[in-house]
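I opened this notebook to keep track of what I looked up, entry by entry.

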Amino acid sequence: MCGIVGILGTEPVARGIVEALKRLEYRGYDSAGVATIESEGHVERVRAPGKLHNLEDKLKASALKGTTGIGHTRWATHGVPNEPNAHPHVSGDVVIVHNGIIENFKPLKDELLKEGVVFSSQTDTEVVAHLIARERAKGVPPKEAVAKVLKRLEGAFALAVIFASEHDLMVGARMGAPLAVGHGDGQMYLGSDAIALAPFTNRVTYLEDGDWVALTRNSIEIRDGEGRQIVRPMNFTQASAFMADKGKHRHFMAKEIAEQPEVIGHTLAEYADFAEKAARLPSEVKIDFANLDRLTITACGTAYLAGLTAKYWFERYARLPTEVDIASEFRYREAPMPKKGAAIVISQSGETADTLAALRYCKAQDQDTLALVNVPGSTIAREAHAAIRTYAGPEIGVASTKAFTCQLTVLAALAVAAGKARGAISRDQERELIGALTEAPRHMAEILKDEKHIAEVAREIAHAQDVLYLGRGVNYPIALEGALKLKEISYIHAEGYAAGELKHGPIALIDENVPVIVIAPQDDLFDKTVSNMEEVAARGGKIVLLTDDGGIEAHGQRTFRRIRVPKAHAFLSPLLYALPVQLLAYHAAVFMGTDVDQPRNLAKSVTVE
Ligand code: F6R
């Protein structure tokens with residue numbers, strides 16, 4: 001997935017394009033590029049491998065003046081992240097940027113190669129540029145040429161195309177990857193999302209799959225997949241024109257970890273009635289929990305782990321059978337779904353391709369669908385029957401932290417509401433659980449005070465080649481999350497396991513070089529987890545025990561290191577234990593000197609399969 005932007009402006013657009021690309025860098029940062037029409041028939045293109053600042057440096061030396069231009073920030077799919085593979089790609093008078101994958105690019109490329117077309121990159125995108133240029137060479141007008149080629153493309157993509165000879169035209173197309181049109185006064189924009197367009201306009205039209213659009217500075221023509229001219233609504237977005245900054249923190253991730261007590265408070269205020277100690281669901285939630293046979297939750301990565309945590313809550317507190325699956329697996333599994341079923345999809349960005357596909361599958365199976373997103377107005381939010389949100393604020397660090405705990409907060413409140421609706425918990429139990437939940441910000445603030453100590457422990461595990469994380473029950477997903485965080489930002493290999501599963505294989509890995517992070521609040525599973533911990537200790541494994549005062553007193557003595565987490569209701573523990581595992585990963589990464597906010601090979605929003 002990549003970020004694309006296009007501007008039909010009245011002033012030179014290169015700077016504005018870079019400004020928009022900064023907001024899209026979360027979608028990929030393997031390379032970036034800009035192309036502008038400098039005079040009729042003449043396009044200038046500046047591209048640079050690596051992060052956007054490399055492009056910015058290069059642009060300083062080349063004063064682009066064109067008022068029509070497109071730009072791109074890349075997450076490599078076809079071809080290594082070098083300059084020749086950086087977008088925009090050019091063929092004849094066609095200049096194009098692309099997000100997504102052209103799945104049938106190989107036969108199309110073979111066809112072009114047979115005709116003697118010479119390729120200058122390894123990308124699938126260049127195929128599209130040549131196909132449109134071929135139509136242009138036959139005399140087909142620009143937008144008709146794009147429309148004709150679109151019919152031949154398979155896959156999920158968004159495109160923005162300009163033509164060297166057409167100063168007042170930009171064509172965009174959307175199939176499975178997001179694309180928004182921004183309306184200015186005598187200016188028009190295209191962007192992968194509304195946030196990219198926020199510096200220019202808050203008036204945005206989202207294209208639907210199969211749509212293509214032809215823009216001039218003063219007109220918009222949208223056609224659907226059948227070629228019919230249609231009107232799509234214009235929305236007023238609330239995307240902020242201001243870029244989030246790091247404040248006093250060294251990294252966005254550090255800031256986002258530190259923000260958790262506050263944003264959990266904001267999220268709780270929307271989903272809990274503090275005075276009544278009751279769950280309070282937004283009116284958008286129409287799921288009839290009382291009459292549900294099964295709940296399906298699907299998502300990717302960290303959002304999936306929020307869903308996995310929620311399974312424990314929905315099953316225990318609402319007695320609601322809950323199935324959780326990774327969206328990329330679920331979408332192709334052809335899972336039968338019950339008549340009285342509902343599905344929750346979870347996504348920080350609201351744009352993840354696999355989660356979107358899973359949502360569409362659930363809708364096709366007549367499930368009542370609910371999206372839980374952090375970005376209102378995102379594709380997933382718009383397509384689900386209903387959408388509710390977390391109040392995490394913009395999450396810039398690629399590794400999800402505050403969005404995860406906000407997702408947990410909403411899911412906890414939903415589970416309590418479902419329990420109440422199904423008669424699985426009493427009003428008193430609801431009071432107890434919601435009362436416990438409202439304590440989360442206070443406990444989180446206390447955990448953050450221990451950051452210095454956690455950073456010291458992190459430095460000790462940063463030397464390891466492999467790290468294991470163990471957890472049981474509702475804390476098993478937190479073990480998985482701890483391992484995911486550590487590997488994605490510090491590049492240290494880590495695995496999360498259900499503590500009881502260790503003896504069925506992974507225990508063979510244990511020796512004195514392997515730190516084992518044990519997540520073990522003193523709850524009803526504590527003794528079982530401690531037994532598994534002893535099995536590790538007996539084989540020389542270095543145990544880092546995350547537990548409360550009672551746990552430290554009972555079993556802290558023979559461990560390598562201890563991290564204290566405040567004693568709280570067991571319902572809360574995933575929310576609280578998420579913080580030390582985030583901090584361990586963060587400080588290990590800082591110690592290793594990695595690019596914490598933009599780790600290698602990753603992107604914040606994954607809009608390809
Ligand atoms: C890990 C991480 C990813 C995302 C995943 C889903 O720290 O951030 O695993 O959780 O790519 O993204 P969203 O939530 O945007 O659907």
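I began with the second largest pocket, whose lining draws at least three residues from each of domain 2 (245-438) and domain 3 (449-597); the domain bounds come from an automatic or database domain assignment. I worked on a predicted model, in which local features need pLDDT of at least 70 and side-chain atom pairs count only at pLDDT 80 or more, while totals for chains, interfaces and linings use all residues. Residues are numbered from 1 along each chain as its sequence is written, and side-chain values use heavy atoms, with hydrogens and water left out.

I noted what a pocket is here: on a 1 Å grid over the protein atoms alone, an open set of points where a 1.4 Å probe fits, with protein on both sides within 12 Å along at least five of seven lines, and with lining residues having an atom within 4 Å of a point. The second largest pocket has a volume of about 680 Å³, a volume being the space filled by probe spheres set on the points, which are joined across faces, edges and corners. Of its 30 lining residues, I listed C300, G301, T302, A603 and V606 as the closest to the centre. Among the helices (DSSP runs of H or I, at least four residues) and strands (runs of E, at least two), α9 gives the most to this lining, with 5 residues.

I then turned to the largest pocket, with a volume of about 1500 Å³, and found 49 residues in its lining, of which R23, Y26, I195, P394 and I396 lie nearest its centre. Where does the largest pocket lie? It lies between domain 1 (3-236) and domain 2 (245-438), because both give residues to its lining. The largest share of that lining, 3 residues, comes from α2. For the domains themselves, I recorded that the centres of domain 1 and domain 3, taken over C-alpha atoms, are 46 Å apart.

Last, I looked for disulfides, meaning pairs of cysteine sulfur atoms within 2.5 Å, and the whole structure has 0 of them. C300 is in no disulfide, and its nearest cysteine sulfur, in C362, is 12 Å away. C406 has its closest cysteine sulfur in C300, 19 Å away, which is too far for a bond. Are these two cysteines buried or exposed? C300 counts as partly exposed at 22% relative accessibility, whereas C406 counts as buried at 0%, where buried means under 20% relative accessible area, exposed over 50% and partly exposed in between, with a 1.4 Å probe and protein chains only.
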